[in-house]
Amino acid sequence: MENSEEEKCNVRCNDVDADPSTSFDCQSKTNINTGEDIKKGQKTQTCMVNASPPKFVSLEEIIKAANGMKNMALAHEIAVDKNFQLQKLEPEDGTFHQRVKEIMHKAFWNLLSEQLAEEPPNYTQALVLLKEIKEILEQLVFPHHAKIRENLREVLDIDLIKQQAEKGVLDFQHYAQYVISIMSKVCAPVRDSMIRELNQKTDVIEIFRGIMEVLQLMRLDLANFTITMMRPNIVALSIDYEKAKFAEFLKINGSDLKYTERWLLRHFDPTKITGDPSDINSIRQATHCILTEAYLDLLDWDFSPDAETLMLDQGRLLELRDKTNRLSIIGAVILLVNNTVGEAIYGVSSFKKNIKQHLNVLLESVHSNKDLEGLMLNIVLQVHTDVNTTLQQIGAAQLSAELETLLEGQILELVKPEHKIRHLISLRIRQFLQKIILSQSTAPQQVPPGLSSLQEELTAIVAQFLILISHNRIVFGEYYQEIVTNALLRKEADNKDMSEIHSMEL
């Protein structure tokens with residue numbers, strides 16, 4: 001059947017508000033720190049009231065941006081974020097952009113309403129609107145939906161509709177219902193409720209206004225569906241594209257990658273590197289080990305990802321850094337509570353779930369140890385509340401004053417990075433990540449002791465971190481190997497000079 005679920009686009013995307021807009025923005029739902037690159041990737045079209053209905057970025061432009069790799073930031077975003085989605089750009093409330101959008105929309109729909117109310121009706125704007133709708137529907141109907149495409153061309157024959165308008169027999173409401181029926185056949189399931197709402201409208205202006213709003217969302221759905229299908233090719237193209245653009249960057253700026261070198265060589269120890277600097281396998285292995293430690297450093301609060309080769313992922317790395325440190329604090333709190341309160345609360349899954357949820361909310365604004373200092377008393381109060389609530393639920397005795405004081409003191413001490421429990425949790429997280437990065441096997445890795453209650457959160461961090469460093473290593477691996485090779489050559493030259501000096505002294 002033509003309107004069966006099998007014919008619908010199987011699109012996975014988040015629903016967005018169906019408000020009219022005069023522009024779309026090719027941006028991810030995640031924050032991107034990409035400067036001018038992303039600004040150049042934005043495409044906006046503004047409508048002229050007397051010429052055509054509200055305009056939007058065309059599907060061809062969106063796909064061209066993704067497929068043609070015209071924008072390095074957009075390509076990188078798709079490559080490292082498997083959940084990447086284009087989303088509708090909504091101007092902020094009270095801005096000039098929003099006021100212009102509202103004025104333009106109101107003017108267009110008012111003009112259409114006035115023309116249809118004339119005697120006889122003036123279908124000038126209506127014909128422009130129907131032509132625009134037909135063009136959008138032709139973009140949304142897949143090639144294999146041959147019957148729908150053929151029927152669409154026959155029914156929305158603009159020349160025929162124009163003749164009907166000239167003879168005064170144009171049934172605008174009929175075409176509205178036809179358009180909605182076609183939309184119901186080709187839309188993603190997430191738009192079904194909007195289609196039902198359109199069928200319930202009676203005012204023809206409101207119907208067509210709703211049609212335009214839903215059509216733009218359907219175009220966005222198709223663009224995201226296309227990106228999902230094309231993602232493997234986009235990832236492959238993105239690697240070559242980023243390599244080429246970075247080489248141009250170095251050529252133009254004459255950069256010596258001093259920040260990358262400083263970041264990478266923090267863990268350079270020539271005494272642990274065996275083999276000849278001219279042996280590519282030795283260099284590759286040495287670089288792999290050094291890079292692993294360098295990447296892990298990025299998750300420390302005291303470290304900033306300022307290397308030139310990390311510039312496109314600074315925002316993500318900072319977010320992962322914060323998540324990792326917050327997780328170590330939560331893990332330390334849970335471990336302290338278990339050790340202090342004892343068997344009464346140990347193993348109560350609801351407590352661990354609640355404490356994680358509540359502490360995550362409290363720690364959301366924490367981005368450094370300094371931020372943590374001002375929040376420790378709130379953490380103590382929250383832990384006290386959750387512990388006593390859990391004890392009450394399981395019918396156990398409330399904490400004694402001595403235990404409360406002991407637990408409070410222990411938690412307040414967690415503000416120190418060197419606190420043995422906090423340091424232990426952080427070390428286990430780092431070692432877990434290190435083991436996975438260095439592992440050549442795809443076999444599941446055992447979660448370290450004391451971190452089982454954080455397995456879900458830790459797995460999410462590991463997954464995102466591995467995607468970032470894997471992509472980064474592929475794109476910039478040659479530069480990293482060159483830095484390590486040069487460091488080894490310099491060390492060999494220094495050793496040779498020292499040997500000659502020593503021989504001369506003898």
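Modeller: Happy to! One definition to begin with: buried means under 20% relative accessible area, exposed means over 50%, and partly exposed is in between, with a 1.4 Å probe and protein chains only. This is a predicted model, where local features need pLDDT of at least 70, side-chain atom pairs count only at pLDDT 80 or more, and totals for chains, interfaces and linings use all residues. Residues are numbered from 1 along each chain as its sequence is written, and side-chain values use heavy atoms, leaving out hydrogens and water.

Biologist: Is Phe208 buried or exposed, and what is its relative accessible area?

Modeller: Recall that buried means under 20% relative accessible area. Phe208 falls under that cut-off, so Phe208 is buried, with a value of 0%.

Biologist: How are the rings of Phe172 and Phe208 arranged?

Modeller: Rings of Phe, Tyr and Trp (its six-membered ring) pair if their centres lie within 6.5 Å; planes under 30 degrees apart count as stacked, over 60 as edge-to-face and the rest as tilted. A search of the whole structure finds 7 aromatic pairs. In the pair of Phe172 and Phe208, the centres are 4.3 Å apart and the planes meet at 15°, so the arrangement is stacked.

Biologist: Which helices does this pair of Phe172 and Phe208 link?

Modeller: Helices (H or I, at least four residues) and strands (E, at least two) are DSSP runs, numbered from the N terminus. The two residues are 36 residues apart, in distant parts of the chain. Phe172 is in helix H8 and Phe208 is in helix H10.

Biologist: What kind of aromatic pair do Phe246 and Tyr479 form?

Modeller: Both Phe246 and Tyr479 are buried. Their ring centres are 5.3 Å apart, with 75° between the planes, and the pair is edge-to-face.

Biologist: How many residues apart are Arg262 and Asp306, which form a salt bridge?

Modeller: A salt bridge is a side-chain nitrogen of Lys or Arg within 4 Å of a carboxyl oxygen of Asp or Glu. For Arg262 and Asp306, the closest N and O atoms are 3.2 Å apart. Arg262 lies in helix H11 and Asp306 in the loop between helix H12 and helix H13, so the pair ties together parts whose separation in sequence is 44 residues.
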